[in-house]
Amino acid sequence: MTDPQSPRYRLPLLALAQAQKELIHNEALAVIDMLLHPVAEGVASDPAGLVASLGQCWAIGTVPVGTWGGHAGELAGWTEGGWRFAPPPERMRLWNRATGGTLVSVGGAWQETAPVLAVGGGTTIDAEARAAIARLGDIIALTGLAKPPL
């Protein structure tokens with residue numbers, strides 16, 4: 001018989017008359033801490049050489065080695081008890097701190113999406129948007145909305 005788990009995040013569930021319930025409960029909280037508004041330091045396949053602080057997570061690549069072996073496409077979080085692993089549900093998104101973009105779990109692997117904010121470097125000038133903004137400035141100036149209240 002396998003240990004009971006929640007259906008989406010496979011969190012450990014307490015069993016009837018289970019001894020040492022606090023261990024199972026604490027394990028579930030450690031995994032929830034990784035999955036609630038997830039942030040990855042980046043994508044990696046080898047934990048060797050990583051200097052991890054408590055609470056930091058990495059998205060595991062497709063061919064993991066070392067202690068991450070067998071956890072391809074999962075989320076690895078560093079805890080007081082060592083590495084904890086969480087298999088993400090399909091289409092789960094997380095923030096990739098290394099790139100400023102997001103990662104999406106698709107088919108057991110992480111796919112990078114475009115950065116949320118691009119700073120500078122825009123090459124397309126939207127003349128209609130500029131004209132609309134200029135017109136709004138004219139309206140504000142004509143109506144006196146730009147004046148601070150007395």
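Predicted model: local features only at pLDDT ≥ 70, side-chain atom pairs only at ≥ 80, totals over all residues.
Apart from neighbours within four places in sequence, Val51 is in contact with Gln56 and Trp58.

**Overall architecture**

- Along the sequence, the elements of the protein chain follow the pattern α-β-β-β-β-β-β-β-β-α.
- The protein chain has an accessible surface of about 10,300 Å². Carbon and sulfur atoms account for 61% of that surface.
- Among contacts with a separation of 6 or more in the protein chain, 28% join residues 24 or more positions apart.

- β1 pairs with strand β6 (residues 93-96) in the parallel sense, over two bridges. In this part of the structure, Ala40 has Asn96 of β6 as its bridge partner.
- Strand β7 (residues 101-106) contains Ser105. Is Ser105 buried or exposed? Its relative accessibility is 2%, and because buried means under 20%, Ser105 counts as buried.
- Not counting residues up to four places away in sequence, Ser105 touches Pro88, Pro89, Glu90, Arg91, Met92 and Trp110.

- The pairing of β2 with β3 is parallel and runs over two bridges. Val43 stands opposite Ala59 in β3.
- Val51 is found in the loop between β2 (43-44) and β3. With a relative accessible area of 75%, Val51 is exposed, because the exposed class begins over 50%.
- Which distance separates Val51 from Trp78 in space? The two residues are 27 residues apart in sequence, and their C-alpha atoms are 9.8 Å apart.

**Nonpolar cores**

- In soluble globular proteins, nonpolar side chains tend to be buried together.
- The largest nonpolar core has 13 residues, and Leu35, Leu75 and Leu94 touch the most other members.
- Which elements give two or more residues to this core? They are α1 and β3 (57-60). The greatest contribution, three residues, comes from α1.

- Helix α1 spans residues 21-35 and includes Leu29.
- Leu29 has a relative accessible area of 44% and is partly exposed, because this value falls between the limits of 20% for buried and 50% for exposed.
- Leu29 forms a nonpolar patch on the surface with Ile32 and Leu36. Together, the three residues have about 270 Å² of accessible area.

**Positive phi angles**

- Ala17 is not a glycine, yet its phi is positive, at about 60 degrees. Ala17 belongs to the segment before α1. Its relative accessibility of 72% places Ala17 among the exposed residues.
- His37, likewise not a glycine, has a positive phi of about 50 degrees. His37 is placed in the loop between α1 and β1. Is His37 buried or exposed? With a relative accessible area of 69%, His37 is exposed.

Definitions and conventions
Residues numbered from 1 in each chain as written. Heavy atoms only, no water. Patch = residues over 30% accessible without salt bridge, like charges linked within 9 Å, V, L, I, M, F, W, Y side chains within 5 Å. Areas by Shrake-Rupley, 256 points an atom, 1.4 Å probe, with all protein chains shown as cover. Salt bridge = Lys/Arg side-chain N within 4 Å of Asp/Glu carboxyl O. Helix = DSSP H or I, 4+ residues; strand = E, 2+ residues; numbered from the N terminus. Buried < 20%, exposed > 50% of the residue type's maximum accessible area, 1.4 Å probe, protein only. Contact = heavy atoms within 4.5 Å. Pairing = 2+ DSSP bridges. Core = buried A, V, L, I, M, F, W, Y, C linked by side-chain atoms within 4.5 Å.
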